[in-house]
Amino acid sequence: MGTIITFGEIMLRLAPEGYYRFVQADKYLATPGGGEANVAAALANFGMDAAFVTKLPKHEIGQSMVNGLRQFGVDTSYITRGGDRVGIYFLEKGASQRASKVIYDRANSAIAQAAEKDFDWDAIFSGADWHHEAADWFHFTGITPALGPNVADICLDACKMAKAKGITVSCDLNYRKNLWSKEEAGKTMAKLMPYVDLCIANEEDAADVFGIHAEGTDVTTGQVSHEGYKDVARKLVERFGLKKVGITLRESISANDNNWAAMLYDGGEFYFSKKYEIHIVDRVGGGDSFGAGLIYATLNNYEPQAAIEFAVAASALKHSIEGDFNHITVDEAQKLAGGDGSGRVQR
């Protein structure tokens, strides 16, 4: 089946009830979330051995993040404890033509202040001192190196060790303009990409990070060109020697309604999924659930078309679930990928 290691920041997500705006809210729901933690939780939910690596404070809020992962079966054996802060993000869910909004409060979090000595990647990947087998897969996102040059160096250490051990490496570009500039992102990510086997991106990431634009696409109007994204995938493979590229194709009609599909390129052929018309309950973590689905399908030897269909179905279902984590089963994703999207009551 495979063992997957993910590395990044887990944060405390604070969201007003329903569609209340920040200025209206007098109470917030607190849940854990963060790119690589979301991937680990989804994979553990699929029955995979998944571990999340980060640095968290020793106090109770740090422990609550650990507990939030453990309850879904994520291994937390290699979480380093130290520092003072758990990063926070506030989420205001959009509706109709009003967009969702995120405000970060993550400066000086424990992981942002981590040092290379905090993580023994040889031990982590070999499975020393824990109950899992040696790692088969390592996953990180572009959010993690954006936390600071020190964290970028830790990512590079991990990638080098993973490559030396023959471990498959995936990276979701996940550009965040509030964390760094496009120039900083491009320079740092270019140093990491030669170690990456599978690059995951959305309809904007390749342009923001590497200046690779999809012709015939306008994300503001929701226009997505298949031919444009074929060219993007080809250029990513040519520039960095990637084995595969997965790109989600989101057509935004409104904050509540999107069309959702994706493309997989294996260096030779292009595979496009079916398109879903999704009515959104919570879109945060949608890309992470796609990445988790693609990792799961690859490790379980799905054919390319079946892999992209599974990943898109899993992520389509995530949009119907509150919170960052994707609480669905393999059977549910397979059923939707197989064509049953009726939503009829299951008895």
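## Close-up views of a predicted model

**View 1. Thr-141 in its strand.** Thr-141 lies in strand E9, which spans residues 137-141. The model shown here is predicted. Is Thr-141 buried or exposed? Its relative accessibility is 0%, so Thr-141 counts as buried. The cut-off for buried is under 20% relative accessible area.

**View 2. Polar contacts made by the Thr-141 side chain.** Which side chain does the side chain of Thr-141 join in a polar contact? The partner is Glu-36, at 2.8 Å. The Thr-141 side chain also reaches a backbone atom, the nitrogen of Ile-143, at 3.1 Å.

**View 3. Contacts of Thr-141 beyond its sequence neighbours.** Here the neighbours within four places in sequence are left aside. Thr-141 is then in contact with Glu-36, Cys-171, Asp-172 and Asn-174. Glu-36 is also the residue in the 2.8 Å side-chain contact.

**View 4. Helix H1 crossing helix H8.** Helix H1 covers residues 35-45, and helix H8 covers residues 286-299. Their axes come within 8 Å. The crossing angle is roughly 45°, which makes H1 oblique to H8. The crossing of the two helices is right-handed.

**View 5. Residues where H1 meets H8.** Which residues of H1 meet H8? They are Gly-35, Asn-38, Val-39, Ala-42 and Leu-43. From H8 come Asp-288, Ala-292, Ile-295 and Tyr-296. Sorted by class, the contact of H1 with H8 has six nonpolar residues, two polar ones and one charged one.

Definitions and conventions. Residues numbered from 1 in each chain as written. Predicted model: local features only at pLDDT ≥ 70, side-chain atom pairs only at ≥ 80, totals over all residues. Heavy atoms only, no water. Helix = DSSP H or I, 4+ residues; strand = E, 2+ residues; numbered from the N terminus. Buried < 20%, exposed > 50% of the residue type's maximum accessible area, 1.4 Å probe, protein only. Polar contact = N/O pair within 3.5 Å; in protein donor to acceptor, adjacent residues only side chain to side chain. Contact = heavy atoms within 4.5 Å. Axes fitted to C-alpha atoms, helices over the stretch in contact; angles between N-to-C directions. Parallel < 35°, antiparallel > 145°, perpendicular 65-115°, else oblique. Left-handed = near helix turned anticlockwise from the far one by under 90°. Nonpolar A, V, L, I, M, F, W, Y, C, P; charged D, E, K, R; others polar.
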